[in-house]
Every structure is written in C-alpha cells, then in structure tokens.
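I opened this notebook to look up how charged side chains pair. My starting point was that side chains of opposite charge can pair when their charged atoms come close.

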Amino acid sequence: MPAAASANALPDVVGPLAARQLRIGLEHYGAGRTEEAIAAFQLGLAAVGNEAPGTVSVETISELHSKLGNACMIRGDLESAGENYKAALRLAPHLTDCWCNFGNVHLKSARPQDAIALYLQALKLNSRHWPARTNLVQALMATQQYIVARGLLLELISERPQDGQLHHQLGKAQFELNEPESAIECFQAAVALNPRDAESINWIGALKQTMGDDAGAQAAYAEAAQIQPLIRRPAAKSPPD
C-alpha cells in the first residue's frame with residue numbers, strides 16, 4: 001500500500017528520538033498496526049521537548065502531529081485527530097492533506113458547515129485536490145446546498161466519467177432539486193457503470209413509485225433484491241417543493 005512504500009522510502013534515521021519514532025510509526029501505520037503507530041507518534045512528540053533546541057525540524061514535528069491525526073481517525077478518536085491536525089497546521093499551514101483531513105473530522109462530527117471552510121482552504125492550496133473536492137460535495141449536500149453540490153458533481157464527472165459513485169451522488173442532488181427524471185438518468189448511469197449497484201437501483205424504484213410507475217418501481221425493487229436481499233428501499237417521499 002502507498003503508506004508502506006512511503007515509510008520504506010525514508011532514509012535510515014539515527015538522529016533525534018522524535019525522528020526515529022516518526023519512521024517507526026510510519027512503518028506500523030503502513031502495515032495496518034494502528035495502535036502501535038499511535039504509540040510511536042506519541043512517543044516522538046513527547047521526545048521533542050527533551051531534544052536540544054533546533055535538533056528536531058518543524059517538518060518532523062508537524063508530520064508527527066499529522067500522522068498521529070490520521071491514526072486517531074482510523075481508531076475513531078475524532079477529538080484527538082482534530083487536535084493533532086490543528087497542531088500540525090499551526091506549524092505547517094501549507095499541508096493540503098491535513099486541511100482536508102481536518103475537514104473530515106468536522107464532517108464526521110456533524111459540523112458540515114465548518115468542514116466546508118476547511119475543504120475550501122485545502123483547495124486554495126491545491127485546486128485539483130480530489131479528496132477535498134469529493135468530500136466538499138458531501139458537506140454541501142449535508143448543508144442542503146444542492147445547486148452548488150450539483151455544479152461540483154458535474155465538474156467531477158466531466159473529469160472521471162467512469163466513477164459510478166459520482167453519478168449516484170448527482171442523482172441524489174437532482175432528487176433534492178425536484179428533478180426526478182434527471183435523477184433517474186443519473187442512477188441509471190451509475191448502474192450502467194456498476195450493474196450490482198443495488199442502492200442506485202432501489203433509488204430508481206423509489207423515484208418511479210413517486211411518479212406513479214408502479215410496475216417500473218416493482219421491477220427495480222425486484223432487481224435490487226436479487227443483488228442485495230436485505231437492502232432497504234429509499235423512502236418514497238415526494239421531492240421538495
């Protein structure tokens with residue numbers, strides 16, 4: 001995996017304890033040993049105060065915080081992840097990935113409006129940053145900014161037309177914008193890319209049901225049930241006014 005390759009690419013570190021623990025933590029993280037990685041990153045940060053002034057670079061300290069934040073995210077400790085991303089960005093505000101990950105913390109903490117600001121900061125640094133753009137869509141949808149979300153989704157789809165999940169998300173945005181026919185077309189595009197996309201098929205069924213096409217709805221539900229029998233149908237609610 002990429003993280004393991006990155007860790008292995010680091011030169012041998014025989015200097016400060018903080019730098020050695022960063023390497024050890026990266027190796028654990030790349031191998032999926034999250035708890036061991038957290039322990040190593042924490043030990044590295046604890047060692048910073050014991051090193052001679054100027055011995056440990058700002059880059060090393062900020063990376064220790066950033067990588068510890070990533071590991072805490074995997075563990076589900078959003079509070080610790082957020083504190084470490086914040087600490088990393090105070091030292092190195094140019095870290096695009098860190099701004100994006102800090103946004104993810106807020107999105108997962110049911111603070112999508114705050115997440116939007118953080119994703120936009122990441123995009124100021126790198127306007128093509130894919131995770132920041134796709135996660136921004138999620139935050140825009142969560143804050144009911146459906147027109148903006150649709151515009152961004154259309155832009156993303158133009159770049160990666162074979163991404164079925166983007167078509168699925170566009171279908172949801174079209175539904176919220178009271179455009180059921182367009183929504184169905186989006187979900188159909190998602191299914192064309194992934195014929196086993198039971199969720200999109202169920203959405204097609206739900207939308208057809210709201211439009212009075214009971215036969216089409218039942219056919220879609222039956223198709224989805226063959227793929228994923230326990231999937232729940234989307235709520236067959238009327239689109240918003």
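The entries below record what I looked up on salt bridges.

Entry 1, basis. I worked from a predicted model, in which local features need pLDDT of at least 70 and side-chain atom pairs count only at pLDDT 80 or more, while totals for chains, interfaces and linings use all residues. Residues are numbered from 1 along each chain as its sequence is written, and side-chain values use heavy atoms, with hydrogens and water left out.

I took a salt bridge to be a side-chain nitrogen of Lys or Arg within 4 Å of a carboxyl oxygen of Asp or Glu. I found ten salt bridges in the structure.

For exposure I used relative accessible area: buried is under 20%, exposed over 50%, and partly exposed in between (1.4 Å probe, protein chains only). Asp77 is partly exposed at 23%, and Arg75 is partly exposed at 40%.

I recorded Asp114 as partly exposed at 35% and Arg111 as partly exposed at 41%.

Arg150 lies in helix H9 (residues 146–159) and Glu179 in the loop between helix H10 (164–176) and helix H11 (180–193), so the pair ties together parts 29 residues apart in sequence. Helices here are DSSP runs (H or I, at least four residues), numbered from the N terminus. Glu179 is partly exposed at 28%.

I found Arg128, Arg133, Glu155 and Glu159 linked in a network of salt bridges.

Terms used:
Helices (H or I, at least four residues) and strands (E, at least two) are DSSP runs, numbered from the N terminus.
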